[in-house]
Structure formats: structure tokens, C-alpha cells
Amino acid sequence: MLALRSPSAHMRERGGVLPGQNESVRARELYLWIEAQRRQHDAGNLTRGRIEALDALGEWRGARRGNPDIFWASRLEQVRQLRAEKGRVPV
């Protein structure tokens, strides 16, 4: 059985980048765990200590609780970049 790396170990190895859901099986497990923490945070169910521990990782909350206009503009820019690189919008 393979040992599961922690999100902080993953981030150290990847230059501060949170695990992505499509990187590997292990990264997906970490990604899903972070998503579960985001849901718990949104529901108000994380203790202050857990929030502080997650905050020590860097930006883990994502845009879910951020300004919706900033999130929208960010996504639009990402689509523009994809279109410039690939000549198409996501399908």
C-alpha cells in the first residue's frame, strides 16, 4: 500500500502549487480532501485551528468565497488564454 503524501508535502515538491485533480491518483485524493475542507469551511464547520493550518498552505480556499465579479473576470481571461493558445474555446 502506498503512503499518501500530505498537501503540504505535495506543495513543497511542486513549488507551492496545490494538488490538481488530474495530475495523478495521489494528487486527486489530496485535491478531493482539500475540496472537502472547502465545503466544511463554507458550511462553517472547520475549527479555527484547522483553518489556520490550511491557511499555512497558501491559497486553499479558491474563489468560492471570493468576489464573484473577480472570479468571473478571471475565468474569462483563462478562456481567452486558451483560445489564443489552442485557437478554440473549451468544449
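Read along the sequence, the protein chain follows the pattern α-α-α-α, with 4 helices and 0 strands in total. The model is a predicted one, and the confidence attached to it averages a pLDDT of 76 over the protein chain, with 67% of the residues scoring at least 70. Of the 91 residues in the protein chain, 22% count as buried, and among the contacts with a separation of 6 or more, 26% are accounted for by residues 24 or more positions apart.

**Confidence along the chain**

- Within the protein chain, helix α3 (residues 48-55) has the highest confidence, at a mean of 93, whereas helix α1 (residues 7-13) has the lowest, at a mean of 59.
- Where pLDDT is low, the predicted coordinates should not be read in detail.

**Helix α2**

- Helix α2 is made up of 18 residues and reaches 26 Å from its first C-alpha to its last, which is close to the 26 Å expected at 1.5 Å a residue.
- The buried residues of α2 are Ala-27, Leu-30, Ile-34, Glu-35, Gln-37, Arg-38 and His-41; seen down the axis of the helix, these buried residues fall within an arc of 160°, so they line one face of α2.
- After α2 comes Gly-44, a residue whose phi is positive, near 80°.

**Residues of α2 considered with Arg-61**

- Glu-35, which has its place in helix α2, is buried because its relative accessible area of 15% is under the 20% cut-off.
- Along the chain Glu-35 and Arg-61 are 26 residues apart, while their C-alpha atoms are separated by 8.7 Å.
- His-41, which lies in helix α2 (residues 25-42), has a relative accessible area of 14% and is therefore also buried, and its side chain is joined to that of Arg-61 by a polar contact of 3.4 Å.
- Asp-42 likewise lies in helix α2, but its relative accessible area of 29% falls between the cut-offs of 20% and 50%, so this residue is partly exposed.
- The C-alpha atoms of Asp-42 and Arg-61 are separated by 9.2 Å, the two residues being 19 residues apart along the chain.

**The nonpolar core and Ile-51**

- The largest nonpolar core consists of 5 residues, namely Leu-46, Ile-51, Leu-54, Leu-57 and Trp-60.
- When its neighbours within four places in sequence are left aside, Ile-51 is in contact with His-41, Leu-46, Trp-60 and Arg-61.
- Among these partners of Ile-51, Leu-46 and Trp-60 are themselves members of the largest nonpolar core, whereas His-41 and Arg-61 are the pair whose side chains are joined by the polar contact of 3.4 Å.

Conventions: Residues numbered from 1 in each chain as written. Heavy atoms only, no water. Core = buried A, V, L, I, M, F, W, Y, C linked by side-chain atoms within 4.5 Å. Buried < 20%, exposed > 50% of the residue type's maximum accessible area, 1.4 Å probe, protein only. Contact = heavy atoms within 4.5 Å. Helix = DSSP H or I, 4+ residues; strand = E, 2+ residues; numbered from the N terminus. Polar contact = N/O pair within 3.5 Å; in protein donor to acceptor, adjacent residues only side chain to side chain. pLDDT = per-residue confidence, 0-100. Expected span 1.5 Å × (residues − 1). Arc of directions from axis to C-beta.
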